[in-house]
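Subject: Structure for your review

Dear colleague,

Please find below the structure that I am handing over to you.

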Amino acid sequence: MKTLLVSLALATLALTLSACGQPQPTNKAVFLLVDTSGTYTEELNKAQGILNYLLATLDSGDSIAVARIDSGSFSEKDVIAKATFDERPSMANDQKRVFKHDMDQFVATIKTGSAHTDITGAILQAAEYLQETGAGEKYVLVFSDLEEDLQKGHIRDFPLELDGIQVIALNVTKLRSDNIDPRDYLNRLAQWQKRVLDGGGNWRVVNDFDRLDRLIAINAMDEI
Amino acid sequence: MLNELLLLWSEQPAISLAVWLLVLVTVLYLAREPAHLLIKSTGRAIYRFMRSAARAVSHIEQRAIHRNKEIILAQGREATEKFIEREFTRINEIVARDLSHYPNLHRELTDAIERLENDYQAATDAPPLPPEWLSVVQTISELPRQGDPVVSSILENIQDEVVTAHEETLKAYQKSSAERHRLLGALQPQWRALANKLNKTKDVVAITQERADAVDKHMANYEAIRDHEDHIARSLTASSLTQFFIAGLVLFVAVMGGLINFQLIAMPMAEMVGGNTYTGGFKTSDIAALVIIMVEIAMGLFLLESLRITKLFPVIAHMDDKMRKRMMVISFSILFILAGIEASLAYMRDLLALDREALKQSLAGVSALNAEFRWIPSIGQMVMGFILPFALAFVAIPLESFIHSSRTVLGVLTVAVLRTVIISLRLVGGFAHQVSKMLVFGYDMVITVPLSIEKWVRQGVQARRDRGTEATHQYPIEPYLPLEDADEIQQETVSVSEKPKRTRKRKTPDLDTDLALNKS
């Protein structure tokens, strides 16, 4: 009798669990955009540090991609590496090693910066990738000074579509002109914030790398 | 709206408020009697309702107490029967093992005693005496020798013969004594053997006596249970509560062990079922790890059940021995395989942790270090992974105690809750009754002005009536009473010559009396 009751309770629990419907995805997708224009290439070592942090943070089932921001960034050619980590932890670790190797190679090979800076195109490219992953949490990390310098003829003055995407500006350095008039810097940040919020996304700025742990909520490496 | 009503009588709020108060007091004064009745009857109704509810709950409480007693006595009866059965089994084993050889022992003892008797008889034989003619010869040899050499020579020869015979007799006596000593010496080991056998028999009888005393004690308990005696029910309840807490403590320890086990296998399980799939909001790998632990516990239950250590599943207990042994082997085999799986998973966990650590160091730009004695935690985890399933298997024993004792604990808790409900109901009823009385007094306080006027008018009327009838009748001065009470007194005065009627069917006892009765 007791066994029967326990079996019934377990069956009821299983039915209840299965009746909860399709669970919301809990995986994460991160797209790191690295500015390679002009003198910003000197900051690439910091971008490597951020990528290492992301690789340590993301876990099985999460997706990550790294792309460069150059004169025309709305292109797959600018994607340096991308991966969706395998469900098996050991395979995911191997993928992370390969990813790190690709990024190291990219940093080692890049010598000169691009002539122009197409940040909008890069964000569009990132948003497209993130929406395709169908992840529960989507992040675009923009490692740039946010000074957009479009090539002549490129059209980027249209609204962005960033529903459910968190856009985080990293290491937004001050330009020489910002030192003359700091309002330029503030206006630049406000302008990007407005574009992102108008597009349905969330906006954050992180310049202090000691607070990288706030980028993504859970640190998977601490689980062990 | 409120303001309009407030200023209904005058533009001045104070005046209007005064008019409202006047109206209110007048209405309250006019409605005094029905209002008192309403308040009193409401308080009384709540009081009676609560008392009835308390009485109903009290019936349920009595049934719960009765049922608890039945359950605890049934459990005690079953346990005592098992004790007695086990004691009888022990006695049977003792008798079969030690006393079954009693005929042989008896024969050995008889033989030993017979041998002892024979030897004793042999030892008590009389020593050889010198020949009887020897005294005659000695007398002749001691005759005076009167110088005759022949006679002297004969007498000397006779004396020599006497001495020789005497020496031979002495030797024979010494030989006989030595033989007796030998026989007596040979008796000693036989006595010791006999004493040892008797001591063994005494020990066996003493153990049997102890077991018999234990049986007597359990039988006394059994008789007390059969007679539904209260002291044995209380004793069994206390014992059951102790069992409940001890079993709960052991189960808590087992749960902690289960958690450690879960931590050992949850992460490597992701390698088998994937680390990013979810079932009902939980990671599938976590569920798989839990299922393995649950299956291990279930196998442990079946194993102990097959060994007849626990009796949670009557189906298994009633199986024939052959089937039960098969089940024992199957459940142990599954448990062993699962323990092996856990050991391998624990090793895999260690490898994964190493891999992750290496990756972490690589990402941090630190060269990987080769830690010495790294094999010690690896082997430790494997051993833990193998041992914990078997340790968890024994959770069946405290689980059985916990389930059995929880029935008693639940019963005791139910009775405690019911008693609390009874007391609460009675308190609420008494409170409502007292509040209704207070409200009556409060009501009169609000209309104290018209009541005072009424009092003066009554006193004036009474004084006038007294003056008119002073010559003929002497009325006692009637004290002021509220209208309702005055009417009651008047009715009683009118019907004082009649037989007093019972206005209430039954006297309602006070709250404290009820509680006291309930406790008794």
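Two strands are said to pair if DSSP finds at least two bridges between them. Helices (H or I, at least four residues) and strands (E, at least two) are DSSP runs, numbered from the N terminus. This is a predicted model, in which local features need pLDDT of at least 70 and side-chain atom pairs count only at pLDDT 80 or more, while totals for chains, interfaces and linings use all residues. Residues are numbered from 1 along each chain as its sequence is written, and chains are lettered from A and ligands numbered from 1 in the order in which they are written.

The sheet of chain A

In chain A, six strands form an open sheet in the order β3-β2-β1-β4-β5-β6, with mixed pairing. β3 (79–84) and β6 (202–206) of chain A are at the edges with a single partner strand each, so one side of each has no neighbour in the sheet.

Strand β1 (residues 28–35) of chain A pairs in the parallel sense with strand β4 (residues 137–143) of chain A over seven bridges, and A:Lys28 stands opposite A:Glu137 in β4(A). β1(A) also runs parallel to strand β2 (residues 63–69) of chain A, to which seven bridges join it; here A:Asp35 stands opposite A:Ile69 in β2(A). By contrast, β2(A) and β3(A) pair in the antiparallel sense over five bridges, and A:Ala67 stands opposite A:Val79 in β3(A).

Is β1(A) buried or exposed? Eight of its eight residues are buried, so β1(A) is largely enclosed by the rest of the structure. A residue is buried if 20 or more other C-beta atoms, placed from the backbone, lie within 10 Å of its own.

The helices beside it

The axes of helix α2 (residues 44–57) and helix α3 (residues 89–109) of chain A come within 11 Å and cross at roughly 175°. Axes are lines fitted to C-alpha atoms, for helices over the stretch in contact, and angles run from 0 to 180 degrees between N-to-C directions. α2(A) and α3(A) are therefore roughly antiparallel (over 145 degrees) to each other.

The contact with chain B

Residues are in contact if their C-beta atoms, placed from the backbone, lie within 7 Å. On this basis, 19 residues of chain B are in contact with 21 residues of chain A. α10 (321–363) of chain B gives the most to the side of chain B that touches chain A, with seven residues.

Yours sincerely

Key: A residue is buried if 20 or more other C-beta atoms lie within 10 Å of its own, exposed if 12 or fewer, and partly exposed in between; C-beta atoms are placed from the backbone. Angles under 35 degrees count as roughly parallel, over 145 as roughly antiparallel, 65 to 115 as roughly perpendicular and the rest as oblique. Two residues are in contact if their C-beta atoms, placed from the backbone, lie within 7 Å.
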